[in-house]
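Biologist: Thanks for sitting down with me over this one. Could you walk me through the fold, one step at a time?

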Amino acid sequence: MNEAKVQSDYPADWPDVFREMAQKSANSCLRTFYHRGVVSPQTLIESVEFLAMDVETTGLNAQTHSIVSIGLVPFTLKRIYCSKAAYWVLNPSSELNEKSVTFHHITHAEILNAPSLPEVLEPLLQAMAGKVIVVHYRNIEREFLDAALRRHLGEGLRFPVVDTMQLEARMHRQKQGWIARLLRRPKTSIRLADSRTRYNLPAYQGHHALTDALATAELLQAQIATHYSSASPIGALWD
């Protein structure tokens, strides 16, 4: 196995961050979440409990747009726990627009009686507690959740993520290097569907939070099996 290049230092000491936030947080749900802690950076990937997450939003700006659905799928390197998956359609604090509806297909009728994010915060954080979150493009899930909680609660949310898009970027765009740029070769796509195709994973209909969470879980399993040792430390992957 050709193990992908890993980082020798970790971007954050997440266990220390969680201990600090458990003392600082004013919200009881957030305090409980932080008190559950997070695995150390040295924990072997094969021992980690993961939670794949995807959110669909009303736009791409976390400061002005809102989350309209959340999908969660717990898994390990060996198994995906579909029976424990969770999915919520939410009533967003910003308006749905025609462009966003064409992506996620969630309509005004569906959000009319849907809960707000604070109403699902407790089960959401319970599902996240103690797990390492896996996403495809961390700037959506982590930034939107943080911004939403700041609007609703006055404090944000911090947690480590493994970003399958970032892993694809490390493995493919670094390989292309300056020669590819000189020859103006097109960059390898690191979108979720295109990344899955490289591992011979089945095609799914995109832009549904639960389906995309499942797709992300399967992608990480394939990435680890192909490019990493399962005995690598989780700190080599998370951010």
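Modeller: Gladly! One definition before we start: the expected span of a helix is 1.5 Å times one less than its number of residues. Keep in mind that this is a predicted model.

Biologist: How far apart are the end C-alpha atoms of helix 9, and what span should its 19 residues have?

Modeller: Helix 9 covers residues 209–227, and at 1.5 Å a residue its 19 residues should span 27 Å. That agrees with the distance between its end C-alpha atoms, which is 26 Å.

Biologist: How many strands does the open sheet have, and what is their order?

Modeller: The protein chain has 9 helices and 5 strands. The open sheet is built with mixed pairing from 5 strands, in the order 3-2-1-4-5. Its edge strands, each pairing on one side only, are strand 3 (86–89) and strand 5 (161–163).

Biologist: Which residue of strand 5 is the bridge partner of Ile 133?

Modeller: Strand 4 (residues 132–135) and strand 5 run parallel, joined by 3 bridges. In strand 5, Ile 133 has as its bridge partner Val 161.

Biologist: What angle does the direction of helix 9 make with that of strand 2?

Modeller: Helix 9 packs on the sheet, where it touches strand 1 (50–57), strand 2 (67–75), strand 3, strand 4 and strand 5. With the direction of strand 2, the direction of helix 9 makes an angle of about 35°.

Biologist: How many residues of helix 9 are buried?

Modeller: Buried means under 20% relative accessible area. Across the protein chain, 50% of the 239 residues count as buried. Helix 9 is mostly covered, and its buried residues number 14 of 19.

Note on methods
Residues are numbered from 1 along each chain as its sequence is written. This is a predicted model: local features need pLDDT of at least 70, side-chain atom pairs count only at pLDDT 80 or more; totals for chains, interfaces and linings use all residues. Side-chain values use heavy atoms; hydrogens and water are left out. Helices (H or I, at least four residues) and strands (E, at least two) are DSSP runs, numbered from the N terminus. Buried means under 20% relative accessible area, exposed over 50%, partly exposed in between (1.4 Å probe, protein chains only). Two strands pair if DSSP finds at least two bridges between them. Contact means heavy atoms within 4.5 Å. Axes are lines fitted to C-alpha atoms, for helices over the stretch in contact, and angles run from 0 to 180 degrees between N-to-C directions.
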